[in-house]
Amino acid sequence: MELLSGNEAIAQGAWEAGCCIGVGYPGTPSTETLETFAKKEGVYAEWCPNEKVALEVGVGASAGGSRVLATMKHVGVNVAADPLFTAAYTGVNGGLVLLAADDPGMHSSQNEQDSRYYALAAHVPVFDPADSQEALDFTKAAYSLSEEFDTPVMIRSTVRISHAKTPVHTGQRENYQAKTYEKDRPLMPSCAGQN
């Protein structure tokens with residue numbers, strides 16, 4: 001058993017699920033998630049110029065068959081809305097999990113926002129953990145759900161879940177093999193290339 005913040009637990013859950021790609025844009029209360037994930041063995045992580053680019057990189061890595069964690073704060077989900085909605089209807093290959101860390105009370109943000117409404121509008125599942133153990137467990141479950149239903153899955157955290165530390169039972173890393181890319185649907189309009 002370890003004492004982990006919600007951010008650390010989400011990073012641990014992604015790692016245990018076999019996630020090997022982490023992308024994000026720094027912003028409290030989400031920042032420590034990617035910082036923690038980047039220190040794990042067998043992963044690649046990078047900060048991106050903005051949240052839209054981060055999610056686009058994540059969508060590409062998912063299409064290539066890897067499990068991906070994309071991290072951002074609530075206002076960043078506004079910036080990443082285009083690739084979120086697109087990935088919701090084009091689907092995923094490797095599991096794609098988006099951490100949206102909300103900031104009720106505006107402790108470090110210019111506004112309040114409930115990212116669950118983005119999940120509702122995009123028709124993607126959302127997990128809302130209440131402590132660090134749920135943050136870890138829900139993150140692991142999100143990868144299986146993402147692949148089973150061919151959709152991105154959102155983990156919605158809040159500033160208190162992100163930063164509060166609670167006891168967590170950690171586990172071993174899953175031996176996840178990246179999926180093979182197979183083109184199974186046209187992503188361009190059917191009239192493309194016709195004269």
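Student: How many of the residues of strand β7 (residues 153-158) are buried?

Tutor: Keep in mind that this is a predicted model. Buried means under 20% relative accessible area, and in β7 that holds for 6 of the 6 residues, so the strand is largely enclosed by the rest of the structure. Val153, Ile155 and Ser157 point one way from β7, while Met154, Arg156 and Thr158 point the other way, and all are buried.

Student: Which strands pair with β7?

Tutor: Strand β5 (residues 96-102) pairs with β7 in the parallel sense over 6 bridges, and strand β6 (residues 126-127) also pairs with β7 in the parallel sense, over 2 bridges. Met154 is the bridge partner of Leu98 and also of Val126. Together with helix α7 (residues 132-149), β6 and β7 make a right-handed β-α-β unit.

Student: Where do the buried residues of helix α3 lie, seen down its axis?

Tutor: The general idea is that an α-helix has 3.6 residues a turn, so residues three or four places apart point the same way. In α3 (residues 51-63), the buried residues are Glu51, Ala54, Leu55, Gly58, Ala61 and Ser62. Seen down the axis, these buried residues fall within an arc of 120°, so they line one face of the helix. What covers them includes β2, β4, α4, α5 and β5.

Student: What is found at the start of α3, and what just after it?

Tutor: At the start, a side-chain oxygen of Asn50 comes to within 3.0 Å of the backbone nitrogen of Lys52, and just after the helix Gly65 takes a positive phi of about 110°.

Key:
Residues numbered from 1 in each chain as written. Predicted model: local features only at pLDDT ≥ 70, side-chain atom pairs only at ≥ 80, totals over all residues. Heavy atoms only, no water. Buried < 20%, exposed > 50% of the residue type's maximum accessible area, 1.4 Å probe, protein only. Helix = DSSP H or I, 4+ residues; strand = E, 2+ residues; numbered from the N terminus. Pairing = 2+ DSSP bridges. Right-handed = clockwise from strand over helix to strand, strands pointing away. Expected span 1.5 Å × (residues − 1). Arc of directions from axis to C-beta. Contact = heavy atoms within 4.5 Å. Polar contact = N/O pair within 3.5 Å; in protein donor to acceptor, adjacent residues only side chain to side chain.
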